[in-house]
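Here's a quick briefing to read with the model open beside you. Keep the viewer handy and click along as you go.

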Amino acid sequence: MSQISFVSNDERLPEIFKAAGIKAAKLTEAEAKTLGRTSDAPAVLVLDVRPHHQLAPWVTDVQKKQPNLAIVLIVSTLDARFILEAMRTGIKECLPEPITPQALDEAVRRLVVGEQRERAGHVVAFIGAKGGVGTTTLAVNTAAALAKTAGSPPLLIDLHVARGDAALLMGAEPRFSVLDAFENLHKVDESFLSGLVEKTQSGAYVLASSARPVNVATSPTATRTLLELAARRYRITVLDVPRTDPAMLEALDPATVIAVVTSQELSAVRGAAATVATLRQRYGSQRLRVLINRYDKNGPVSAKDIAKVVGEPVACTIPSDYRVAAEAINVGRPIVSEDSRLGKALRSAAAELVNAGKATAEEQPSGMLSRLAWRRA
Ligand SMILES: Nc1ncnc2c1ncn2[C@@H]1O[C@H](COP(=O)(O)OP(=O)(O)O)[C@@H](O)[C@H]1O
Ligand SMILES: [Mg+2]
């Protein structure tokens, strides 16, 4: 039996599957009813329940007999009561109109990839509450610190398609960039990805921002695909995420930890509150961590107040050291390579985030629930 099957009277659906690049076999309702009795069930069954939105008793029966079968319902709109009823039955996803190739691809991919989740590595994403708070510094130093402790070298991805500076801070001048990955995504597999990354002095690999001044639109699907690939290839992937690109913020499903970096400046704290609220709605609180960089215990806003405003505890604070930070940039060597108070704080932050990732990796919310929350926002 084909891995992906569907039941629908919508004549456009086969075309949409095709456009999404998904090989799917059409089943009649009578054939689908027998799925509870076969040892050869598909991995995913896409079931069109429009327009009546009723779960026939046979659907519940098939789901009960084939608990590993992931059922996706195609619906006209997301109705909370219907979704809850579907979830109680064990159904994993509801896909509302408009049914686009992209939406279909994402729903199916989430289920298929979700099954292989144990194999995927940790993905630690860094997002700034505001420009200049030290997001790149934290991402770079986390990757460099983990290169020494993690057993296998981590990958740092600068998701700024252009003008990112993560590679510079690593002292690397890579030939390829994240732009090459996005432009060739159809042929990017794990080995192609290994060819695009550059080994740095620290031992970590980097997939850099492009040196070419480009202006390409990124899509959540493309970004997610890249992240999933990286997570399969590398035990730890660290991301420098551009906070101004909404497509990136929607693509962080593979992240095991999402670290929001702020300072004690009022405008940064406000930015942190807004960013955390958006991310919480999309991904839940489990994976979120709030970090205060350039922390001064006599600073204008206390860590306690930041936790209150942001609505999450502060996971770590990192002291300020202008001289050490500036010197690191000048010589293109991460701060954690040297012995300093700042280096030590960055090393322990890195260790803490990876441990947090281990704890949350198993507890990611189901796609349907997190998306329902997202759509209501
Ligand atoms: N803990 C720190 N102490 C002192 N300076 C820092 C610290 N963290 C970052 N910086 C400096 O702040 C500036 C902005 O950092 P950067 O990581 O580029 O921020 P962002 O990526 O958020 O724009 C850089 O000059 C960097 O060296
Ligand atoms: Mg930056």
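What follows is a short tour of a predicted model, from its open sheet to its pocket and cavity.

Residues count from 1 along each chain as its sequence is written, while chains are lettered from A and ligands numbered from 1 in the order in which they are written. Since this is a prediction, local features need pLDDT of at least 70 and side-chain atom pairs count only at pLDDT 80 or more, whereas totals for chains, interfaces and linings use all residues; side-chain values use heavy atoms, with hydrogens and water left out.

Helices (H or I, at least four residues) and strands (E, at least two) are DSSP runs numbered from the N terminus.

- Five strands make up an open sheet in the order 2-1-3-4-5, with parallel pairing; two strands pair if DSSP finds at least two bridges between them.
- Strand 2 (25-26) and strand 5 (93-96) sit at the edges with a single partner strand each, so one side of each has no neighbour in the sheet.
- Strand 1 (residues 4-7) pairs with strand 3 in the parallel sense over four bridges, and Val7 is found opposite Leu47 of strand 3.
- Strand 3 is joined to strand 4 by five bridges, again parallel, with Val44 having Ala70 in strand 4 as its bridge partner.
- Strand 4 (residues 70-75) runs parallel to strand 5 and is joined to it by four bridges; here Leu73 stands opposite Cys94 of strand 5.

**Strand 3 and its crossover**

- What share of strand 3 (residues 44-48) is buried? Five of its five residues are, so the strand is largely enclosed by the rest of the structure; buried means under 20% relative accessible area, exposed over 50%, and partly exposed in between (1.4 Å probe, protein chains only).
- In a regular strand, side chains alternate between the two faces of the sheet.
- Both faces of strand 3 are covered: Val44, Val46 and Asp48 are buried on one side, and Leu45 and Leu47 on the other.
- Strand 3, helix 3 (residues 57-65) and strand 4 build a right-handed β-α-β unit. Right-handed means that, with the strands pointing away from the viewer, the path from the first strand over the helix to the second runs clockwise.

- The buried residues in helix 4 (residues 80-89) are Phe82, Ile83, Ala86 and Thr89. Looking down the axis of helix 4, these buried residues fall within an arc of 115°, so they line one face of the helix; the arc is that of the directions from the helix axis to the C-beta atoms.
- On the face of helix 4 turned away from the buried side, you'll find the exposed residues Arg81 and Arg88.

**The largest pocket**

- The largest pocket holds about 620 Å³ of space. On a 1 Å grid over the protein atoms alone, a pocket is an open set of points with protein on both sides within 12 Å along at least five of seven lines, a cavity is a set where a 1.4 Å probe fits but cannot get out, and lining residues have an atom within 4 Å of a point.
- Grid points are joined across faces, edges and corners, and a volume is the space filled by probe spheres set on the points.
- The largest pocket has 36 lining residues, with Gly132, Val133, Gly134, Thr135 and Thr137 nearest its centre. Elements giving two or more residues to this lining include helix 6 (135-149), strand 12 (288-295) and strand 13 (314-319).
- Helix 6 provides the largest share of the pocket lining, six residues.

**Strands 12 and 13**

- Strand 12 and strand 13 run parallel, joined by four bridges, and Tyr295 has Pro319 in strand 13 as its bridge partner.
- Together with helix 13 (residues 303-310), strands 12 and 13 make a right-handed β-α-β unit.

**The cavity**

- How many cavities of 30 Å³ or more does a search of the whole structure find? It finds one, and the largest cavity has a volume of about 30 Å³.
- Glu106, Arg109, Arg110, Arg224 and Glu228 line the largest cavity, with helix 5 (101-115) giving the largest share, three residues.
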